[in-house]
Amino acid sequence: YSSKWEQVSEEIKLKLDASKQLDGEFFISFEDFIKIFDRFDSVFINDLNGFGQIAFNTSKKANLKWKKIQFKGEWLESETPIKTEEEEFWLNPQFQIQIPSSNLKETTSVIISLLQTDSQYRRLKNSSANDMYDERCWLSLFFEIYSLRSNSQPDPMHKKYPRNCLEKCAKLPMYYQYREIADRFELKPDTYIIIPSLIKAGVKAKFLLRCFYEIGLDENRMD
């Protein structure tokens, strides 16, 4: 939070919806922006329907309606050990989504995004870590998608579905040391479990998992 904000009027702050939070959001002058950055990617989302229902103009003849949901979660160093080994991978946080059958197509397009939300806090905590690829600031992210076998029940101790209840169906090709990772998948009607993870075990970190999908999907978080 820069002291220069004291020079900004309350009226301007209100228009910008500016708040003092360690959420990664920042404001910068255009002159400083062009000095510091040499690449800019812009994504256009036409939120015509409101309430998280997004319309993507995929062609002149089609206007597909999508829905957005998001889950806030964290990896807990003591309560939920982070494991990358196959037999213990299920101990990571789990999020459940349900894709119903459709008369329009055999599969549903799902865009999944995983964002680490406390990277700015770690940068401030580790002031000597100036490199964006320093793991004290940027953790290596990954997620897998599993279909849930019929008649499966969560483990009573961990309140999550164990490995023998899950069948792997999609994943990212590797761990990525970025603040946010995302990919698009075509999934058949079924119940799925999304499991995000870190490459290092025993690390406490917070994240935001977002799903964009064609309307008709139901979701649940595994507590």
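Trainee: Where is Phe 37 found?
Mentor: This is a predicted model, where local features need pLDDT of at least 70, side-chain atom pairs count only at pLDDT 80 or more, and totals for chains, interfaces and linings use all residues. Residues are numbered from 1 along each chain as its sequence is written, and side-chain values use heavy atoms, with hydrogens and water left out. Helices (H or I, at least four residues) and strands (E, at least two) are DSSP runs numbered from the N terminus. Phe 37 is in the loop between helix 2 (30-36) and strand 1 (46-50).

Trainee: Is Phe 37 buried, partly exposed or exposed?
Mentor: Buried means under 20% relative accessible area, exposed over 50%, and partly exposed in between (1.4 Å probe, protein chains only). Phe 37 has a relative accessible area of 38%, so it counts as partly exposed.

Trainee: In which strand does Glu 144 lie, and what is its relative accessible area?
Mentor: Glu 144 lies in strand 6 (residues 141-148). Glu 144 is buried because its relative accessible area is 5%.

Trainee: What is the length of the polar contact between the side chains of Glu 144 and Tyr 146?
Mentor: A polar contact is a pair of N or O atoms within 3.5 Å; within protein, one must be able to donate a hydrogen and the other to accept it, and residues adjacent in sequence count only if both atoms are side-chain atoms. For the side chains of Glu 144 and Tyr 146, the value is 2.4 Å.

Trainee: How many disulfides does the structure hold?
Mentor: A disulfide is a pair of cysteine sulfur atoms within 2.5 Å. Cys 211 is buried at 0% relative accessibility. The number of disulfides in the structure is zero.
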